[in-house]
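User: I am new to this structure and would like to learn how to read its features. Could we take them one at a time?

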Amino acid sequence: MKSVLSFLIGLCLLVTSATPALSVGKYSEGYRMGLLSKYSDKGYLIKTGEGEIMLGRDSSAATESFTDKEGKTIDATINPWRFSASRSKSDEIMKYVGEYVWVKYREEMINMSFKDTDYRLQEIDFVTRKDPNPLSYEIKKPSGFLAKSEGMRAGRIVKASRKGNLIKTWEVIVQLGNAGNQFVPMSISDESLFNYAIQCLKSGRLVKVFYVDKGVAAKIFVNMEDTPYRVYKLEVVRDL
């Protein structure tokens, strides 16, 4: 009996130590920003590190309905954003609970571990609350050919990610206004502007987002981005 128990404990320890390496491939990598509302080491024999971030400022739990390929309506949680982490980082992460933070993560293509999510935390730090430098960044404005609309929105960038397998795209999510649960996904077609968006995310500052909604043109022509919104300028807003 003791030998069987020793074998099972040894197996659990082996699996636990191997867990970070059991996730295969990388689908996306990026950053999220918000309030770290929860973190815990969970499980019985096999412990995993699991956390939750309420995106942006003063947001609450939110779901989004979408239709799958079979026509079924599915409700997906968009807030809080949940992530997993190596238990070796647990002591560090615990220090940030209740604080506004940014995290760097990678999303695995295949999750073969015991962790709850496909998102693996790589880095974490406090939101800087400092103005990005420079205060604005602009690239060439996309063509307005067949564009549905163009304009500007104000809010906080709460997600910035490079995603895709063979072809990578740059995607962001903007929390509209100063707080709340209005989240708008948008796309960026230039890496330098995307890197500036990461600065804005880490700062937690409000920004003006200038964009062109390609509308029908995004469907007619080959575009790998997730959304028809093409961001071409970001500008820091002076808070009251």
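User: How do the residues of the lining of the largest pocket divide into nonpolar, polar and charged?

Analyst: A word on the source comes first: this is a predicted model. As for the general idea, rolling a probe the size of a water molecule over the atoms shows where empty space is left. In this structure, the lining of the largest pocket has 13 nonpolar, five polar and eight charged residues. The volume of that pocket is about 600 Å³. Its lining comprises 26 residues, and the closest to the pocket centre are Arg 32, Glu 64, Ile 78, Lys 159 and Ile 173.

User: Which strands each supply at least two residues of the lining of the largest pocket?

Analyst: They are E1, E4 (73-79), E5, E6 (100-110), E9 (149-163), E10 (169-176) and E11 (183-188). For context, the chain has four helices and 13 strands.

User: What is the volume of the second largest pocket, and which residues line it?

Analyst: Its volume is about 170 Å³. Met 33, Arg 57, Tyr 100, Val 127, Arg 129, Arg 156, Ser 203, Gly 204, Arg 205 and Asp 239 make up the lining. By class, three of these are nonpolar, two polar and five charged.

User: Arg 129 is in that list. What is the value of its phi?

Analyst: Most residues other than glycine have a negative phi, and most peptide bonds are trans. Arg 129 has a positive phi, near 60 degrees. This residue sits in the loop between E7 and E8 and counts as exposed, at 56% relative accessibility. Asp 58 also has a positive phi, of about 50 degrees, and is not a glycine. The loop between E2 (48-55) and E3 (62-67) holds Asp 58, which is exposed with a relative accessible area of 52%.

User: Where are peptide bonds cis?

Analyst: Pro 80 belongs to the loop between E4 and E5. Another runs from Asn 133 to Pro 134, with omega near 5 degrees. Pro 134 is in the loop between E7 (119-126) and E8 (136-138).

User: How many aromatic pairs does a search of the whole structure find?

Analyst: The search finds 11. Tyr 39 and Phe 83 are stacked, at 6.3 Å centre to centre with 20 degrees between the planes. Tyr 39 is in E1 (residues 24-42) and Phe 83 in E5 (residues 81-85), so their pairing ties together parts 44 residues apart in sequence. Tyr 39 and Phe 83 are both buried. Along with Trp 81, Tyr 105 and Tyr 119, they form one aromatic cluster.

User: Which residues lie over the face of a ring?

Analyst: Lys 202 lies over the face of Trp 102, 4.3 Å from the ring centre. Lys 233 lies over the face of Phe 210, at 4.8 Å from the ring centre.

User: Apart from its neighbours within four places in sequence, what is Met 94 in contact with?

Analyst: Met 94 is in contact with Tyr 39 and Ser 40. It lies in helix H2 (residues 90-94) and is partly exposed, with a relative accessible area of 41%. Its C-alpha atom is 9.3 Å from that of Leu 36, 58 residues apart along the chain.

User: What share of the chain counts as buried?

Analyst: Of its 240 residues, 42% count as buried.

Conventions:
Residues are numbered from 1 along each chain as its sequence is written. This is a predicted model: local features need pLDDT of at least 70, side-chain atom pairs count only at pLDDT 80 or more; totals for chains, interfaces and linings use all residues. Side-chain values use heavy atoms; hydrogens and water are left out. Rings of Phe, Tyr and Trp (its six-membered ring) pair if their centres lie within 6.5 Å; planes under 30 degrees apart count as stacked, over 60 as edge-to-face and the rest as tilted. Buried means under 20% relative accessible area, exposed over 50%, partly exposed in between (1.4 Å probe, protein chains only). A charge sits over a ring if NZ of Lys or CZ of Arg is within 6 Å of the ring centre and within 35 degrees of the ring normal. On a 1 Å grid over the protein atoms alone, a cavity is a set of points where a 1.4 Å probe fits but cannot get out, and a pocket is an open set with protein on both sides within 12 Å along at least five of seven lines; lining residues have an atom within 4 Å of a point. Grid points are joined across faces, edges and corners, and a volume is the space filled by probe spheres set on the points. Ala, Val, Leu, Ile, Met, Phe, Trp, Tyr, Cys and Pro count as nonpolar, Asp, Glu, Lys and Arg as charged, and the others, Gly among them, as polar. Contact means heavy atoms within 4.5 Å.
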